[in-house]
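Student: Please open the model so that we can go through it by question and answer.
Tutor: Here it is.

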Amino acid sequence: MRLNERQESPQTISVDFLITKDTMKDWKTAFYKTIPVMCGYLFLGMAFGILLQQAGFSPIWAAVSSLLVYAGSMQFVMISLMSSGASLPLIGAMTLLVNSRHLFYGLSFIEKFREFGKKWFYMVFSLTDETYSVFCGLSDTEKTPALMFKIALLDQSYWVLGSAIGALAGAVIPFDTTGIDFAMTALFVVIFIEQWQSFSSHLPAIIGLCSSVLFLAILGADQFILPSLVTTVLLLMMLRDPIVRREEGERNE
Amino acid sequence: MNDTYILVAVLTVALCTLATRMTPFLLLGRKKELPPPVRYLGSVLPPAIMATLVVYCLKTINFSEISNFLPSLLGVTATAALHLWKKNTLLSICCGTVVYMVLVQAVF
């Protein structure tokens, strides 16, 4: 009896990496869901690799930073900070500022990520704008650890692959890819529309839209996102009653 | 360029990025039951954040130059219109992106 248990346990641990019918289906779904991210990440990653290499850094740093940092816009900022030999406290402060929007992403997945066991850390680490958006676009039945982990993993592989290609061979891409990173904007637009349609109260979407446009107009492109998100959260808390009433009213009808 | 400096700089960016992603989980993840205000925020933030991300992507457009804002505007319109009509995520994103690429590469 003991012996049997011991023989069975390794299988249950590694089942995720065995190719069964179910895991194949999950990989296919994960790939399908991440095609837009692939378009964006491969080519933005290449742009990052090219810039890093042009700034005089060894190509290996492109892959290393995409593996360890994995934050699109901040990696571009990092190149200019490192080129100017910025001090570590300055680099740290800039990173916290540029990535402050990530503070708000985890709030929607605190309970969900508890189901991931050992993969919890990777799920938190890899919660980029794009992975967050793909997760938001999943239906409740699709939000399984098996599928979400594969989505997170595929997204980062596109980013690392793109960075490495850009750093090693960026100059030889045979066709004009200008504008292909618009796939990311389009992904956000599509998921915004789906979020709009799945909520009966449109207040959260309207608040987010108005607050970001307003702060963009007042503070400019580099500084608007944190004040905008803080204001959004404050307004959402103030309007909690009407929003909840609207959502629940719809459900009871 | 000094390799130690680069490595420490990359690690600093990595740790600070992780800190921003980890904070909500560290602050609130231990409790068995999420406080109701947090659960509420977690459920209503996604549409607000998606709106913010769309604006974030378009933050550099400049309305004083047609060649600057028209491709983005038409790309977003094409994506949204197609999605409202056909509800096919990939189709909307591909067509929207192609519209944008053609406009920035060939027209403007």
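Student: Among contacts in chain A between residues at least 6 apart in sequence, what percentage join residues at least 24 apart?
Tutor: The model is a predicted one. A contact here means heavy atoms within 4.5 Å. Among the contacts of chain A between residues at least 6 apart in sequence, the share joining residues at least 24 apart is 74%.

Student: How many helices and how many strands does chain A have?
Tutor: Read from the N terminus, the elements of chain A run α-α-α-α-α-α-α-α-α-α-α-α. The count for chain A is therefore 12 helices and zero strands.

Student: What percentage of the residues in chain A are buried?
Tutor: Buried means under 20% relative accessible area. Chain A has 253 residues, and the buried ones make up 47%.

Student: Is Thr34(A) buried or exposed, and what is its relative accessible area?
Tutor: Thr34(A) sits in helix α2 of chain A, residues 21-54. Not counting residues up to four places away in sequence, Thr34(A) touches Ile151(A), Leu154(A), Asp155(A) and Tyr158(A). Thr34(A) is buried, and its relative accessible area is 0%.

Student: Which residue in the loop between α3 and α4 of chain A is Tyr70(A) in contact with on chain B, given the contacts of Arg21(B)?
Tutor: Tyr70(A) is placed in the loop between α3 (60-68) and α4 of chain A. Tyr70(A) is buried, with a relative accessible area of 1%. Tyr70(A) is among the residues in contact with Arg21(B).

Student: What is the phi of Tyr70(A)?
Tutor: Tyr70(A) is not a glycine, yet its phi is positive. The value is about 55 degrees.

Student: Is Arg21(B) buried or exposed, and what is its relative accessible area?
Tutor: Arg21(B) is in helix α1 of chain B. Leaving aside neighbours within four places in sequence, its contacts include Val69(A), Ala71(A), His102(A), Val124(A), Phe125(A) and Thr128(A). Arg21(B) is buried, at a relative accessible area of 2%.

Student: How many nonpolar, polar and charged residues does the contact of α4(A) with α1(B) have?
Tutor: From α4(A), the residues are Met74(A), Met78(A), Leu81(A) and Met82(A). They meet Tyr5(B), Ile6(B), Ala9(B), Val10(B) and Val13(B) in α1(B). By class, this contact has nine nonpolar, no polar and no charged residues.

Student: Where does α2(B) bend, and by what angle?
Tutor: Helix α2 of chain B has 22 residues, 36-57, which at 1.5 Å a residue should span 32 Å, and its end C-alpha atoms are 32 Å apart, in agreement. Of these 22 residues, 17 are buried, so α2(B) is largely enclosed by the rest of the structure. A proline, Pro46(B), follows the bend within four residues. The bend is at Leu45(B), by about 45 degrees.

Student: Is Lys87(B) buried or exposed, and what is its relative accessibility?
Tutor: Lys87(B) follows α3(B) and is placed in the loop between α3 (66-86) and α4 (89-107) of chain B. Lys87(B) has a positive phi of about 55 degrees although it is not a glycine. Exposed means over 50% relative accessible area. Lys87(B) counts as exposed, at 53%.

Student: How many Å apart in space are Ile206(A) and Ile218(A), C-alpha to C-alpha?
Tutor: Ile206(A) is in helix α10 of chain A, residues 203-219, and counts as partly exposed at 37% relative accessibility. Ile206(A) and Ile218(A) are 12 residues apart in sequence. In space, C-alpha to C-alpha, they are 18 Å apart.

Conventions. Residues numbered from 1 in each chain as written. Chains lettered and ligands numbered in written order. Predicted model: local features only at pLDDT ≥ 70, side-chain atom pairs only at ≥ 80, totals over all residues. Heavy atoms only, no water. Helix = DSSP H or I, 4+ residues; strand = E, 2+ residues; numbered from the N terminus. Nonpolar A, V, L, I, M, F, W, Y, C, P; charged D, E, K, R; others polar. Expected span 1.5 Å × (residues − 1). Bend = angle between axes of the 7 residues up to and from the residue. Buried < 20%, exposed > 50% of the residue type's maximum accessible area, 1.4 Å probe, protein only.
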